[in-house]
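Hi,

Here is the structure I promised to pass on.

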Amino acid sequence: MLKKRSNVGLNVLLKQYLWSQKKRRSQGFTLLDVIVAIVVLTSFTSVAMTAMTSAILLKVRARITSEATNWIQHDLETVRNSAAQFSYSLASDAASGQPSITLASNPGLTAGEQISVGTDATIYTIQSVSGTLIRLTTNLRYSQIAGARILALSKCNATTSQAGFAYVFGQNLPSLANGGTQTISGKNYTLTRQSAVSSTAPYSALKLTYTVTPQGGQTALTTMYTEVIPNAVFQCPGAQ
């Protein structure tokens with residue numbers, strides 16, 4: 001009889017528990033449940049927004065850096081084209097027995113330098129220079145036609161940095177486009193190009209360092225280093 005009453009009591013307690021649980025579920029979420037849900041949602045949203053903002057900033061910076069690099073590459077191509085045209089040649093026919101020759105251009109030949117003219121293997125010394133008119137210390141031995149190559153032998157064998165091709169080429173670099181300023185994504189930037197002659201004889205390579213910096217700022221957006229060799233170097237005896 002006692003065992004039967006105990007079972008009845010357990011059944012009553014179980015029914016009461018199930019009813020209380022059903023009642024709690026029917027009442028919805030508690031205030032604590034809502035607060036926890038809000039905190040979790042806010043944290044998730046904050047993390048997602050931070051990640052999204054960082055991705056956008058990185059994308060914008062990558063695009064600006066790409067445009068700055070293209071800007072440098074464009075100027076570098078201009079410099080390389082200038083280097084490819086850097087050479088010495090006759091502007092007109094030169095008759096034998098004449099003491100003077102006229103060059104198509106004269107990037108840096110000076111009195112006292114030694115040269116050879118076209119197919120003539122004779123080594124001539126420059127007596128004086130007046131623009132593109134070169135006067136020799138001895139008369140030309142053989143006639144040469146317009147366009148004949150002039151070898152700047154002294155520059156080919158330069159023993160000081162200012163006597164080589166790189167120094168002269170560095171003094172005749174093309175100007176930076178637009179004065180070295182450009183607007184990228186609504187902000188103004190400045191392009192600088194620094195040059196220096198290589199430290200190894202015969203001083204034929206010109207070292208270039210490019211930097212793109214926001215106007216009014218000090219931190220460089222991007223930099224690039226390269227070397228350029230004027231075409232006249234490859235005309236020197238023994239050049240490859």
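T192 stands opposite T211 in strand 8. Before I go on: this is a predicted model, where local features need pLDDT of at least 70, side-chain atom pairs count only at pLDDT 80 or more, and totals for chains, interfaces and linings use all residues. Residues are numbered from 1 along each chain as its sequence is written, and side-chain values use heavy atoms, with hydrogens and water left out.

Strands here are DSSP runs of E, at least two residues, numbered from the N terminus; two of them pair if DSSP finds at least two bridges between them. Strand 7 (residues 187-197) runs antiparallel to strand 6 (residues 181-184), with four bridges joining them.

Now for R193, which sits in strand 7. Is R193 buried or exposed? R193 counts as buried because its relative accessibility is 19%, and the cut-off for buried is under 20% (1.4 Å probe, protein chains only).

Its side chain makes a polar contact with the side chain of D75 at 2.9 Å and reaches the backbone oxygen of P174 at 2.5 Å. A polar contact is a pair of N or O atoms within 3.5 Å; within protein, one must be able to donate a hydrogen and the other to accept it, and residues adjacent in sequence count only if both atoms are side-chain atoms.

Cheers

Technical notes: Buried < 20%, exposed > 50% of the residue type's maximum accessible area, 1.4 Å probe, protein only.
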